[in-house]
Amino acid sequence: MSGEGTRLLTGVRARRIAEQRLREEITRGAVVPGQRLVEPELGERYGVTRNSARLALDALIAEGLVERIPHRGARVRVVSGSEVVAILECRQVLDGLLARKAAQNATDEQVDRLLANLGRLQRAVAEREPLECWELVQEHHRLVAEAAHQPLASSLVERLQGRIARHRFQLLLRPGRSQQALAELTEVVHAVAGRRADAAEQAARTHLQGGIDELLLQPAGA
Amino acid sequence: MGYGAAMASGAQETAESFVRVAISRGDMPPGYRLVEADLVARTGVSRGAVRLAIDALIAEGLVERIPNRGARVRVVSTDEAVAITEVRLPLEALLARKAAERITDAEIDGLRAHLETMTAAVDSGDVRTYSELIQQLYGLVGEAARHPIAADLVGRLQAQLVRHQFRLSLRPGRPRVSLAGLTELVDAVTARDPARAEAAASTHLRGVIAALSEPIPDPGGPA
């Protein structure tokens with residue numbers, strides 16, 4: 001692919017780029033569980049040095065997204081359905097806490113940002129833009145976490161997120177699911193805006209419950 | 001063993017859990033210096049593995065680096081202890097609910113026996129033992145829950161709270177209140193009542209948060 005004279009990026013920025021691109025590809029299913037990840041190939045694909053590709057793999061290994069196979073390199077880790085459900089159950093209670101704290105601690109500006117993001121999500125759902133919906137749902141979670149002022153809960157959620165991102169993404173693509181997610185997140189945002197802590201916690205939990213139920217009923221395919 | 005086990009080498013894991021256990025027992029109090037050579041000698045793993053373990057514990061917030069002087073066990077402020085307990089609350093509630101759904105008959109016997117030991121410790125005023133027994137109780141509930149991911153998260157939070165929990169149990173009357181809350185938790189789990197177990201864990205930890213947030217009448221002089 002890359003011709004001669006292509007300058008490969010190196011250093012911290014290169015590692016971050018490789019990490020982010022690979023994470024995205026795993027989330028969107030461009031690389032699938034079990035698929036081998038070869039450092040020189042990754043380096044070439046992302047335009048970074050082999051060493052940067054290796055450091056990116058290390059970061060994703062620490063998150064449980066990638067695993068090393070002795071003497072055979074690395075591959076995308078297969079996360080079992082029951083592991084996904086267990087992670088979602090943790091996410092559910094932690095997201096509930098974040099929504100509760102957001103209802104208590106959000107500044108008016110933070111509430112405005114949540115409402116604006118919700119407006120964008122409404123439009124993206126109406127226009128059937130799945131990738132944009134996905135980005136805006138992620139943004140919603142970032143904004144709630146920021147408004148919650150509970151950095152520990154946010155960091156635990158982030159640490160769990162990697163392993164379930166692929167499933168969350170696929171789930172959002174299922175028919176009717178983005179409308180459903182919009183309705184659920186609307187509840188969350190309105191409860192936060194109305195400073196109703198219990199309702200916010202409940203609504204955030206309900207949003208994750210939808211995902212758990214669907215996974216239990218209809219396990220995600222590869 | 002959580003899913004986390006796959007992410008670190010066995011040697012690193014050994015060193016990490018050695019330090020975590022020592023901190024949670026109070027053998028390594030806040031400010032305690034972690035000396036690499038010493039940990040190598042005591043755990044039998046390589047210096048490299050000890051270093052990785054210390055890095056992981058720093059990332060977790062249990063240990064902090066001192067410029068040019070290695071690392072030490074971090075002091076956890078009261079505000080932090082409250083924030084950590086806030087996060088623990090819904091996770092322990094989840095574990096309690098799952099334990100009520102999944103507990104075996106043998107585990108029920110174990111939990112009841114453990115509660116009797118706790119009651120005896122409170123009756124005899126043995127606060128230090130009671131404090132350790134509380135942690136073991138959460139461990140037993142966590143095992144019965146068969147939910148390694150939540151148990152792993154809680155385990156990482158737990159070690160940072162030990163000192164505050166111990167100080168809490170020194171307050172006059174507190175062990176009785178604590179015992180009542182945890183008795184309800186055991187009753188609910190052993191009655192296999194998930195909703196009641198979840199509520200019991202939540203209520204108990206809300207009480208802990210409220211007690212932690214009160215100004216401290218420190219009975220023991222400088223901590």
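Two residues are in contact here if their C-beta atoms, placed from the backbone, lie within 7 Å. With that in hand, a few friendly notes follow.

1. This is a predicted model, in which local features need pLDDT of at least 70 and side-chain atom pairs count only at pLDDT 80 or more, while totals for chains, interfaces and linings use all residues. Residues are numbered from 1 along each chain as its sequence is written, and chains are lettered from A and ligands numbered from 1 in the order in which they are written.

2. On confidence, pLDDT (the predictor's confidence in each residue, from 0 to 100) averages 90 in chain A, with 95% of the residues scoring at least 70. Helix 5 (residues 108-126) of chain A has the highest mean, 97, and helix 7 of chain A the lowest, 89. Helices (H or I, at least four residues) and strands (E, at least two) are DSSP runs numbered from the N terminus.

3. At the interface, 17 residues of chain A are in contact with 15 residues of chain B. On the chain A side, helix 3 (50-62), helix 4 and helix 7 (151-173) each supply at least two residues, and helix 4 gives the most, with nine. That side divides into 11 nonpolar, three polar and three charged residues (Ala, Val, Leu, Ile, Met, Phe, Trp, Tyr, Cys and Pro count as nonpolar, Asp, Glu, Lys and Arg as charged, and the others, Gly among them, as polar).

4. Helix 4 (residues 81-105) of chain A also meets helix 8 (residues 177-193) of chain A: their axes come within 8 Å and cross at roughly 35°. Axes are lines fitted to C-alpha atoms, for helices over the stretch in contact, with angles running from 0 to 180 degrees between N-to-C directions. A:A99, A:A102 and A:A103 of helix 4 meet A:V188, A:A191 and A:V192 of helix 8; the residues of this contact are six nonpolar, no polar and no charged.

5. Chain A has an open sheet of three strands in the order 1-3-2, with antiparallel pairing (strands pair if DSSP finds at least two bridges between them). Strand 1 (36-37) and strand 2 (66-69) of chain A are the edge strands. Four bridges link strand 2 of chain A to strand 3 (residues 73-76) of chain A, and A:V66 stands opposite A:V76.

6. In chain B, strand 2 (residues 63-66) and strand 3 (residues 70-73) run antiparallel, joined by four bridges. B:I66 stands opposite B:G70. Their hairpin has three residues between the strands, and B:N68 takes a positive phi near 65°.
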